[in-house]
Amino acid sequence: MSNKTALVTGASDGIGLEFCNILAAKGYDLILVARRKSKLNEVAESLSKQHKNISCTVISSDLSKPQAAQELFAATVEKDLQVDLLINNAGLLQNGYFTDLDLITQENMITVNMLALTSLTHLFANDMATRAGGHILNMASLAAWIPIPNQNVYAATKAYVLSFSQALHNELKAAGNGVSVTALCPGYTDTKMMDNPNQGAKLSIPDAMLQSAQEVAEQGIAACLAGKPTMVTGFANRVSAAISHLFPKMTLANIAGGYYRKNLD
Ligand SMILES: NC(=O)c1ccc[n+]([C@@H]2O[C@H](COP(=O)([O-])OP(=O)(O)OC[C@H]3O[C@@H](n4cnc5c(N)ncnc54)[C@H](OP(=O)(O)O)[C@@H]3O)[C@@H](O)[C@H]2O)c1
């Protein structure tokens, strides 16, 4: 029997790389997508050495470019690759004052975090439905649950991903085509996103509040393969998400704004 195939965006680093490690160990063939081709080739080589029974295909794509999702889908069709599991993980973050942050960078963040994710979901969900099965994992965040001043566009993109994915989960279930969508909501995770000079100000987070990328990826894959609509990773994050329903949104925004402005360098 042939292996199932997973496509992971943002596969060159962080949580995306951990998704690849876990899926390779489960015997999935992988399609690795990000901008840095050399980094993807290194990952593919390392995974192929560790797991002799899988194949890795590298596709370099900048998902902030117009039509990037359509071109990526077309590239998989051209290579005769059928995707059983799509992981829309690639994402960008910007911290700081909205009016000070570069507008084009914020537009690119919106494009990658929302538009490319939506287009890829549409293209691959239709393809999966023709084969009566498949899983899609969309990367949201704990930031999706509250308005976050000084990280407001990022949090809003993740609120979109959460709402879109939960509603689509219900639609696809009603359609009965065997395709499931899961929104994954990690809290602060120990990746370069927490310390990236290209994303505006740096938010200082105590180590105790950080989850490992491996832990996040494991919980995400388990929830996705089980066909769950939503997974908030880690007990403390689940408590935070539950508590967020008890307060008016502006109370949460005031608390988050005070915390972020105090801890952004
Ligand atoms: N870290 C956290 O605390 C945290 C918490 C909640 C949710 N998340 C979400 O988890 C996801 C992964 O984050 P991470 O922490 O693993 O970040 P990361 O370590 O910065 O990795 C980001 C990945 O996205 C790729 N990427 C960035 N821009 C891209 C573009 N324009 N086109 C294609 N690929 C692009 C990067 O590869 P290239 O540079 O090679 O393109 C890299 O592989 C994001 O959606 C993020 O919002 C993270």
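Reader: How are helix 1 and helix 6 oriented to each other?
Author: This is a predicted model, where local features need pLDDT of at least 70 and side-chain atom pairs count only at pLDDT 80 or more, while totals for chains, interfaces and linings use all residues. Residues are numbered from 1 along each chain as its sequence is written. The axes (lines fitted to C-alpha atoms over the stretch in contact, with angles from 0 to 180 degrees between N-to-C directions) of helix 1 (residues 14-25) and helix 6 (residues 213-225) come within 8 Å and cross at roughly 60°. Under 35 degrees is roughly parallel, over 145 roughly antiparallel, 65 to 115 roughly perpendicular and the rest oblique, so this pair is oblique.

Reader: Which residues of helix 6 make the contact with helix 1?
Author: Contact here asks for C-beta atoms, placed from the backbone, within 7 Å. Helix 1 brings G14, I15, E18, F19, I22 and L23. Helix 6 answers with A213, Q214, V216, A217, E218 and I221.

Reader: Is Q67 buried or exposed?
Author: Q67 has a positive phi of about 65° without being a glycine, and lies in the loop between strand 3 (56-60) and helix 3 (68-78). Buried takes 20 or more other C-beta atoms within 10 Å, exposed 12 or fewer, and partly exposed is in between, with C-beta atoms placed from the backbone. Q67 has 10, so Q67 is exposed.

Reader: And is N150 buried or exposed?
Author: N150, not a glycine, has a positive phi of about 65°. N150 is in the loop between strand 5 (134-139) and helix 5 (152-175). With 23 other C-beta atoms within 10 Å, N150 is buried.

Terms used
Helix = DSSP H or I, 4+ residues; strand = E, 2+ residues; numbered from the N terminus. Contact = placed C-beta atoms within 7 Å.
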